[in-house]
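Me: I should like to learn how to read the features of a protein model, one at a time. May we begin with the contacts of a single residue?

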Amino acid sequence: MNATPNPLPATASVVIVGAGPAGLTAAITLADAGVDFVLLDRQSEGANTSRAAVVHARTLEVLEELGIADELVATGDIVARFTVHDGGKTLATIDFDGLPTRYPYTLMTPQDTTEAVLLKRLRKAGGDVRRPYQVSRVAQDGDGVTVEYTDATGAAGSIRADYVVGTDGMHSVVREQAGIEFTGASYPESFVLADVRMDWPIARDEVALHLSPEGVTVVAPLPDEAEPNRYRVVATLETAPEHSTAEQIQALLDARGPGGAVRVREVLWSSRFRVHHRVADHYRNGRILLAGDAAHVHSPAGGQGMNTGIQDAATLGPLLARVLTGEPDTLLDEYETTRRPVALGVVSFTDRMTKMATLRRRPARTARNLILTTVSRIPAFRHRLAYQLAELANR
């Protein structure tokens, strides 16, 4: 049972709605700039699960500017390469070690760990998350924005802000209240998402993408100090079970995996989800701005989602701070012109990867495999793909 929360202030310069990675990052940048903000979240602390697990090089560069990249790296597994397989055959190997960055790798660490590191940093800067508050209405006028909410007891209240940032996910109340369309569509397949303990024959320093007529499967290592041989499994199914059993994951990997000594010992956590590819028509409507999944959602192919959201927030926060210290409000237009093209590019890239990976007809799969095997022998192609996966083009 939730305790009665401390009352919120009547006013703030910025209200951030949603305390996932994007919301926490935005709050850190505002706290560092001395901006008066309130960060609201509808969940009780500790309710988050380990949804996203990939942190790319560009995001680590952004987090280095906040002083927490090394701390986050210490929590995870460093993955040196990304491989593509069809059954027991390896079609492509993409190495990250030649990237022009201090972080020439992908970091595997659960999202709840990333959020814990961000929250610790926010508290060090003097900020915190106010939970649980459910935002019900966001209304702006020429002078500011009124955010209406209910607290854990069901009591209603409101807070007045100069600006509101919606980082409240795909079903964003802030985006809906701002009247911003979320243009795109959904993929027909559903996805299994599971963290498992298992024996897996592929090295723990790589993420493996397995293509098959039955669908696409990704297996990636997760930090395993508490749970030895821990892996993340993401797979497409026509209709995924709400919670997968070890037997179901075993059957899935037997049908699609590399063969050999695959033994699923335990499902630690699982879920299912459907994937959309959508981008907000605008990232700003007056005093209301969007970041993270409230602004863009797409296929999990390439692990781009959380990374793009953190980078959104790291761009938006400093711009807001500059406006609140007297620079022209038009400065905020730079946010959409900078970040929305990035999201459109990510959606296009992950859509191509998803469609390529989920081909079913034998002639199309044969042609795909031949093309992948051929082009992956070209060093420039491998470097370009690694660079794009690492999001270094977003600098």
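Reply: Contact means heavy atoms within 4.5 Å. Leaving aside residues up to four places away in sequence, Leu 122 touches Leu 24, Ala 27, Ile 28, Ala 31, Phe 37, Leu 39, Gly 127, Asp 128 and Val 129. The model is predicted, so local features need pLDDT of at least 70 and side-chain atom pairs count only at pLDDT 80 or more, whereas totals for chains, interfaces and linings use all residues. Residues are numbered from 1 along each chain as its sequence is written, and side-chain values use heavy atoms, with hydrogens and water left out.

Me: Which residues have the most contacts inside the largest nonpolar core?

Reply: A nonpolar core is a set of buried Ala, Val, Leu, Ile, Met, Phe, Trp, Tyr and Cys residues joined through side-chain atoms within 4.5 Å. Buried means under 20% relative accessible area, exposed over 50%, and partly exposed in between, with a 1.4 Å probe and protein chains only. The largest core here has 103 residues, and Val 15 and Leu 122 have the most contacts inside it. Its largest share, 9 residues, comes from helix H7 (residues 305–324). Another core, of 18 residues, lies apart from it and includes Ala 194, Ile 202, Val 219 and Val 233.

Me: How is the length of a helix checked, and what span should H4 have?

Reply: Helices (H or I, at least four residues) and strands (E, at least two) are DSSP runs, numbered from the N terminus. The expected span of a helix is 1.5 Å times one less than its number of residues. Helix H4 (residues 111–124) has 14 residues and should therefore span 20 Å; its end C-alpha atoms are 20 Å apart, which agrees.

Me: Which residues of H4 are buried?

Reply: An α-helix has 3.6 residues a turn, so residues three or four places apart point the same way. In H4, the buried residues are Gln 111, Thr 114, Glu 115, Val 117, Leu 118, Leu 119, Arg 121 and Leu 122. After H4 comes Gly 126, with a positive phi near 100°.

Me: How do the axes of H2 and H7 cross?

Reply: Axes are lines fitted to C-alpha atoms, for helices over the stretch in contact, and angles run from 0 to 180 degrees between N-to-C directions. The axes of helix H2 (residues 57–65) and H7 come within 9 Å and cross at roughly 35°. A crossing is left-handed if the near helix is turned anticlockwise from the far one by less than a right angle, and right-handed if clockwise. The crossing of H2 and H7 is left-handed. Arg 58, Thr 59, Val 62 and Leu 63 of H2 make the contact with Asn 307, Ile 310, Gln 311 and Ala 314 of H7.

Me: Where is the cis peptide bond that involves Pro 132?

Reply: This bond joins Arg 131 and Pro 132, with omega about -25°. Pro 132 is in the loop between strand S8 (129–130) and strand S9 (134–140).

Me: Is Glu 391 buried or exposed?

Reply: Glu 391 counts as buried because its relative accessibility is 2%. This residue is in the segment after helix H10 (379–389). Although Glu 391 is not a glycine, its phi is positive, about 65°.

Me: Which residues does Glu 242 touch beyond four places in sequence?

Reply: Glu 242 touches Ser 270, Ser 271 and Arg 272. Glu 242 and Ser 270 are 28 residues apart in sequence, and their C-alpha atoms are 8.0 Å apart. Glu 242 is in the loop between strand S15 (230–237) and helix H6 (246–256), whereas Ser 271 lies in strand S16 (residues 263–280). With a relative accessible area of 23%, Ser 271 is partly exposed. Beyond four places in sequence, Ser 271 is in contact with Phe 191, Val 192, Leu 193 and Glu 242.

Me: Where is Pro 300 placed?

Reply: Pro 300 is in the loop between strand S19 (296–297) and H7. Its relative accessible area is 33%, so Pro 300 is partly exposed. Not counting residues up to four places away in sequence, Pro 300 touches Phe 191, Val 234, Phe 273 and Val 275.
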